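Notebook open, structure loaded. I want to go through the ligand site, then a pocket, then a sheet.

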Amino acid sequence: MRTQVAIIGAGPSGLLLGALLSKAGIDNVIVEQRSADYVLGRIRAGVLEQVAVDLLDEVGIGARMHAEGLPHDGFDLCFDDRRHRIDLHGLTGKRVMVYGQTEVTRDLMDARRASGRPTVYEAADVGVHGFEGKAPGVRYVKDGARHEIQCDFIAGCDGFHGVCRASVPQDKLALHEKVYPFGWLGLLADVPPVSHELIYVNHPRGFALCSQRSRTRSRYYVQCALDDQVEHWSDDAFWAELKRRLPADTAAQLTTGPSIEKSIAPLRSFVAEPMRFGRLFLAGDAAHIVPPTGAKGLNLAATDVGYLSQSLVDYYQGHEQGIATYSERCLRRIWRAERFSWWMTSLMHRFPDNGSFDHKMQSAELDYLVNSPAAMTALAENYVGLPL
Ligand SMILES: Cc1cc2nc3c(=O)[nH]c(=O)nc-3n(C[C@H](O)[C@H](O)[C@H](O)COP(=O)(O)OP(=O)(O)OC[C@H]3O[C@@H](n4cnc5c(N)ncnc54)[C@H](O)[C@@H]3O)c2cc1C
């Protein structure tokens, strides 16, 4: 098989890149190691910045998001058992869209199927080669048969554990990583959200987040130990712990119900530099991870592929400047989002090694934050997404 761009991974970054390239008339093939149902079964992000909304509109799949998604004008920060609203729209003129990653992925998959562009699911032993020369290629095994795709470029959209970053000679990569000493236990349930906006909670028992996927589906999280196991948490135990971390009046309004999904996610900050190696580009979680506290992971993946698709369009029109500066442009935005996600994680969580001084510092910063329009504006402009 021959194509212009071989895309590894059918998560949000691979599917969105495929849609943007297809719209520009650039031939592409997506190779994914899992089944479509498996990809759709992963419960992850839920908050989209305007820039991600615009990209989904650009590829013509925004209709369901605008009909079913929930535009949010603010969120609450909660500490000392009191909620303080951060007025995103009042402070920045912008809002965010609550629309689950699962739904974004479903819309992108439907559009891809309708376009007739090829996606190879359940590809085994995926390998990339030749990207440091002029003739890159992708090999994989499907139904026991070996296949090879020859291409002009490879887009590594294959997530943190993918094959693309791992195929780059290690002496050409700089890796920056911070692993946090706790995780998030998440529960998804078909119950109405406790509040129409998100609530981020700093509590002596640990962080909690009340979020949502729709008016009838809620996603809640509590900070847990890194070595905790989901089997140790019954639904009842989860709801009881969440209630303990909420102000009494909010806890009294919480509707509980059976979980649809429960999982523990570790928290990590990670950046691999650069993001281009000859004819191989990394995008999304393949190149960087943020802790989910700032709701930035999916949004960064979207902006990476926005830059990459434009760079490739320019290349096929005879201009190489875009692909030459792809890595540098992405990394500037990525590092700013890394800083925000790290800061918000540090502000809202209980760190096992922290003492009373650190707790006082968190309290003082939260107190300053909700009483200073300047500090609230800095938080709000990062949360809604910095300009491209
Ligand atoms: C629990 C959790 C909660 C999150 N919450 C938020 C949030 O609230 N807001 C936010 O913005 N972000 C959040 N994120 C992050 C967000 O989900 C990711 O940033 C986003 O999924 C990145 O998309 P991606 O396409 O780059 O990577 P992925 O979604 O990881 O997709 C990569 C794809 O590549 C495939 N693949 C891997 N290896 C290979 C291979 N060798 N060959 C072929 N295919 C391969 C994988 O199967 C996968 O389908 C969260 C993440 C987690 C885990």
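Predicted model: local features only at pLDDT ≥ 70, side-chain atom pairs only at ≥ 80, totals over all residues.

Ligand first. I looked up its shell and got 30 residues around the ligand, the closest being Ser 13, Glu 32, Arg 42, Gln 101 and Asp 285; a residue is near if one of its heavy atoms lies within 4 Å. Residues are numbered from 1 along each chain as its sequence is written, and side-chain values use heavy atoms, with hydrogens and water left out.

Next, polar contacts (pairs of N or O atoms within 3.5 Å). I found a side-chain N or O atom of Ser 13 at 2.7 Å from a ligand oxygen. A polar backbone atom of Gln 33 is 3.2 Å from a ligand nitrogen, and a backbone N or O atom of Ala 295 is 3.3 Å from a ligand oxygen. I then checked burial: the ligand taken alone exposes 990 Å², and the protein buries 88% of that (Shrake-Rupley areas, 1.4 Å probe).

Which elements give two or more residues to the shell around the ligand? I get α1 (12-23) and α10 (297-316), with α10 giving the largest share, three residues. Helices here are DSSP runs of H or I with at least four residues, and strands are E runs of at least two, numbered from the N terminus. By class, I have 12 nonpolar, 11 polar and seven charged residues in the shell; Gly counts as polar, and Asp, Glu, Lys and Arg count as charged.

Pocket next. The second largest pocket comes out at about 300 Å³. A pocket is an open set of points on a 1 Å grid over the protein atoms alone, with a 1.4 Å probe and protein on both sides within 12 Å along at least five of seven lines; lining residues have an atom within 4 Å of a point. The volume is the space filled by probe spheres set on the points. I count 14 lining residues, with Thr 102, Glu 103, Leu 188, Arg 213 and Arg 217 closest to the centre. The largest share of this lining, three residues, is from α6. The lining splits into five nonpolar, three polar and six charged residues.

Last, a sheet. I read an open, mixed sheet of six strands in the order β8-β2-β1-β12-β19-β18; strands pair if DSSP finds at least two bridges between them. β8 (119-120) and β18 (276-277) are at the edges with a single partner strand each, so one side of each has no neighbour in the sheet. β1 (residues 5-8) and β2 (residues 28-31) pair parallel over four bridges, and Ala 6 stands opposite Val 29 in β2.

Conventions
Polar contact = N/O pair within 3.5 Å; in protein donor to acceptor, adjacent residues only side chain to side chain.
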